[in-house]
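These are my notebook entries on a single chain. I set out to look up its charged pairs, its nonpolar cores and its backbone exceptions.

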Amino acid sequence: MMTDATTTIAPPAPFKFEPEHFSKAAFGLESSIIRDILKYSNQPGVISFSGGLPAPDLFPIDELKDAADRVLTRFGTQALQYGLSMGYPPLREYIAERMSVSGGIHLTADNILITSGSQQGLDVVGRAFLERDRHVVCSRPTYLGALQAFNFYGTKYALVDMDDEGMMVDTIDEVVKGKDPRIIYVVPNFQNPSGITLNEERRRILVEKAHKYKIPIVDDNPYGELRYSGTPMPSIKSIGGQAVVQLGTFSKIISPGLRIGWIAASRQLMGVFERVKQSTDLHTNQFAQFMIYEFAQTGALERHIEVIKKAYSKKLDTMLSAMKEFFPESVKWTKPDGGLFLWVMLPKSVNSADLFKPAIEEKVAFVPGKPFHPDGTGLNTMRLNFSNASPEDIHEGIKRLGRVFAKFI
């Protein structure tokens, strides 16, 4: 007769992942310095100018609640189901119509692909165009999130310097010599990180260069509607037409937590972009797309944009005034007409990263400028955000930063 026996199975040995387990692309990625800085800037009492966060107290919570309720009441099962890779058709139609009216271009829903924020738009562009050791033409400095997205594909950079009028596009001929760039990447309106806007003449020259070298332009435009002063510029998309891929987002004008952005491009490109997107997430958050469409249909979006423009304009003025009062004469800064950021330039002998710890000790945080430079330059620069803190905290935070400068500059 057989008897049951209890078999003791030894637990498996610990499994250790080694570098060779990972792809070179994944293992070589660097952590975002902005995410790393958050652990310091979230400390009690620290006034943070480090993130790119919209002001949470301005989120249109009541209107979004109403929109969510209407979606669940009218379209509940549809909004909670799988959706199209291209996005919710009414929202795409709305975006196309809005861009056509404001941007002087003719777009239809077929020109719009909904993405999970404009950061996914950057990744879709990277997947579609970039390969190892191929070049991206971009400014120095440029948006850190774009560098992170493009670096995954082993990209190299052909760098164009900036002045107060934006990319110095006349130098592109020299910059691209001996290279075969895949795209020109630009943040033309209130650039992250500098706050600088590319002037109209240079926009037209940039399009001419794109046609000359047959390089598509990627126009990253998350801040274009946040203008507080100055003269609006024609979009690069309106000048360059099918040669331009424009990225947009609702993150800065409604809420980043909804994660809804878009790509506007020619129909020829949309087939490629749609297939690329399908390989990543099938479709973007369907419920959030319905919510944003319902929110916008009541006129709430236009009203909300005016509210945040008024608030952010006051915050920018507060920061500029405080910098003039508390910063040494040897420190210079940009004076944006909109957006969420401005750029500080310290004397050449000063490394802004060396000031970060003293700044945290003074209970104020910023982002050092080096990570915005693909070639590792910009040691004497830093980025400041003015949208998230209150005017009172902005004044006090700049005062604290001024004390740091007084000690080390």
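The entries below follow that order.

**Basis.** I am working from a predicted model, in which local features need pLDDT of at least 70 and side-chain atom pairs count only at pLDDT 80 or more, while totals for chains, interfaces and linings use all residues. Residues are numbered from 1 along each chain as its sequence is written, and side-chain values use heavy atoms, with hydrogens and water left out.

**Entry 1: salt bridges.** I took a salt bridge to be a side-chain nitrogen of Lys or Arg within 4 Å of a carboxyl oxygen of Asp or Glu. By this rule I recorded 22 salt bridges. I took helices (H or I, at least four residues) and strands (E, at least two) as DSSP runs, numbered from the N terminus. For exposure I used relative accessible area: buried is under 20%, exposed is over 50%, and partly exposed lies in between (1.4 Å probe, protein chains only).

I looked up Arg98 and Glu225, whose side chains form a salt bridge at 2.6 Å, N to O. Arg98 belongs to helix H4 (residues 89–103) and Glu225 to the loop between strand E7 (217–220) and helix H9 (236–240), so this pair ties together parts 127 residues apart in sequence. Arg98 is buried at 18% relative accessibility, whereas Glu225 is partly exposed at 32%.

Next I checked Lys156 and Asp133, a salt bridge whose closest N and O atoms are 3.9 Å apart. Lys156 is in strand E4 (residues 156–163) and Asp133 in the loop between helix H5 (117–129) and strand E3 (135–140), 23 residues apart. I noted Lys156 as partly exposed at 40% and Asp133 as partly exposed at 41%.

I placed Glu362 in the loop between helix H13 (356–361) and strand E12 (364–365), and Lys407 in helix H14 (residues 391–408), 45 residues apart. Glu362 is buried at 15%, but Lys407 is exposed at 59%. I also noted that salt bridges with shared partners join Arg70, Arg74 and Glu294 into one network.

**Entry 2: nonpolar cores.** I defined a core as a set of buried Ala, Val, Leu, Ile, Met, Phe, Trp, Tyr and Cys residues joined through side-chain atoms within 4.5 Å. The largest has 106 residues, and those with the most contacts inside it are Leu91, Phe150, Phe250, Phe273 and Leu384. Helix H12 (residues 300–326) contributes the most to this core, with 10 residues. I then listed the contacts of Phe250 (heavy atoms within 4.5 Å), leaving aside neighbours within four places in sequence: Leu91, Ile95, Ser255, Ile260, Trp262, Ile292 and Leu301. A second, separate core has 19 residues, among them Val186, Leu206, Ala210 and Ile217.

**Entry 3: backbone exceptions.** Most residues other than glycine have a negative phi, and most peptide bonds are trans. I found a cis peptide bond between Arg140 and Pro141, with omega about 10°; Pro141 sits in the loop between E3 and helix H6 (144–151). The bond from Asn192 to Pro193 is also cis, with omega near 25°, and Pro193 is in the loop between strand E6 (183–186) and helix H8 (200–213).

Phe190, not a glycine, has a positive phi of about 50°. Phe190 lies in the loop between E6 and H8 and is buried at 1%. Leu282 has a positive phi of about 65°; I located Leu282 in the loop between helix H10 (267–278) and helix H11 (286–297), partly exposed at 47%.
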